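Work through the exercises below using the sequence and the coordinates. The model is a predicted one.

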Amino acid sequence: MAENILENSLLIECRIEVESAIESVVESSLNGTYAPAMELAREILLAGGKRIRPVLTLLAYDLAGGDNRDDVLDFAVATELIHTATLIHDDIYDGAKLRRGVQTLHEKHGLDHAIIGGDFLFVMGFGLGGRYEERVVRIMADTCAAIAAGELKQIQHISDLSTTPEDYYEIVRGKTAGPFASACECAAIIAGASERDALILREFGMELGIAFQLVDDILDLTGDERMGKARGTDIHEGKMTLPIIHALTLLHGDSRRILADVLAEFRDDRWGELEELLEQGDSFGYCRILIHNHLERALNHLYEFPQSEVRDVLEAMTRQVMTRNE
């Protein structure tokens, strides 16, 4: 049922609107004084991606009672521009070679050009989002500041075996879930929704975003092709994801010492050891329970709104995150 809903006309319509708006921004920039900067950033911007944030923005706007998507479209595009900017910068300090199936900017054009390309998309995003009321702009600014803080905290915890679940959640709320939450909240504000409905949609986005990241953590370890990147990228980069944190917490004695050694000297021929240790600690099972709990809370927030086609689509998107980790 969820797959049928996800391919319904409303969701397709939102995706088309988002892609068209992004292409319009690119085209107008290529014809103006910013052409060199957009020429640099356009390939990764137009290389696809899930477009979850802008599509979620349009759907949240509809759910909150908005009646003219043109009013929220600039903000939706802003979420994608800012997200892509963070990906460009992420790739620089992760040393990534591919993003969305194309060469990363720093690999293709060099570090200096990649930094400028990321900065350009940040500015473009804020230029679009800055057209809205002060409250929306403030939420955007707070969200981007939280992304930076989350990124710094993640860097501080690289290969840190003492990283706690609380540390992990602080990072995820800043880097991944916060942008989901603010997209939904700002869409409601732009739609003229009540404070209560805006808060409900914010909490929906936060729970969905946390679950989304937890699923990514599992897929990175299982090597699922839907990740669009090599298996174990997080392990090779020393990122402390929740399955690893949980196993380090649960295992003791020789098992924990072996896990610490695997993480410190990780090679692809040690996947068997790592998988065995994660299974021993039931770390995948633990994370799947958390994913289910976060998504159930997201659905409960969604059910605060009357049943409608748009609610059905948002419910289907939420349930697809559930099946994505199975």
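**Exercise 1.** Determine which residues of H13 meet which residues of H14, and classify them.

*Solution.* Take contact as heavy atoms within 4.5 Å. On the H13 side, the residues are Ser255, Ile258, Leu259 and Val262. On the H14 side, they meet Glu273, Leu274, Leu277 and Gln280. Sorting the residues of this contact gives 5 nonpolar, 2 polar and 1 charged.

**Exercise 2.** Describe how H13 and H14 pack, including the handedness of the crossing.

*Solution.* Two values are needed, because packed helices are described by the angle between their axes and the distance between the axes. H13 spans residues 253–264 and H14 spans residues 271–280. Their angle is about 140°, and their axes are 10 Å apart. Only angles over 145 degrees count as roughly antiparallel, so H13 is oblique to H14. The crossing of the two helices, H13 and H14, is left-handed.

**Exercise 3.** Count the aromatic pairs, then classify Tyr168 with Tyr169 and Phe180 with Phe212.

*Solution.* Rings pair if their centres lie within 6.5 Å, and the count by this rule is 5 aromatic pairs.

- For Tyr168 and Tyr169, the ring centres are 5.7 Å apart and the planes are at 85°; planes over 60 degrees apart count as edge-to-face, so this pair is edge-to-face. Both Tyr168 and Tyr169 are buried.
- For Phe180 and Phe212, the centres are 5.7 Å apart and the planes are at 40°, so the pair is tilted. Phe180 lies in helix H9 (residues 165–190) and Phe212 in helix H10 (residues 195–222); at 32 residues apart, the pair links distant parts of the chain. Both Phe180 and Phe212 are buried.

Terms used: Residues numbered from 1 in each chain as written. Predicted model: local features only at pLDDT ≥ 70, side-chain atom pairs only at ≥ 80, totals over all residues. Heavy atoms only, no water. Axes fitted to C-alpha atoms, helices over the stretch in contact; angles between N-to-C directions. Helix = DSSP H or I, 4+ residues; strand = E, 2+ residues; numbered from the N terminus. Parallel < 35°, antiparallel > 145°, perpendicular 65-115°, else oblique. Left-handed = near helix turned anticlockwise from the far one by under 90°. Nonpolar A, V, L, I, M, F, W, Y, C, P; charged D, E, K, R; others polar. Phe/Tyr/Trp six-rings, centres within 6.5 Å; stacked < 30°, edge-to-face > 60°. Buried < 20%, exposed > 50% of the residue type's maximum accessible area, 1.4 Å probe, protein only.
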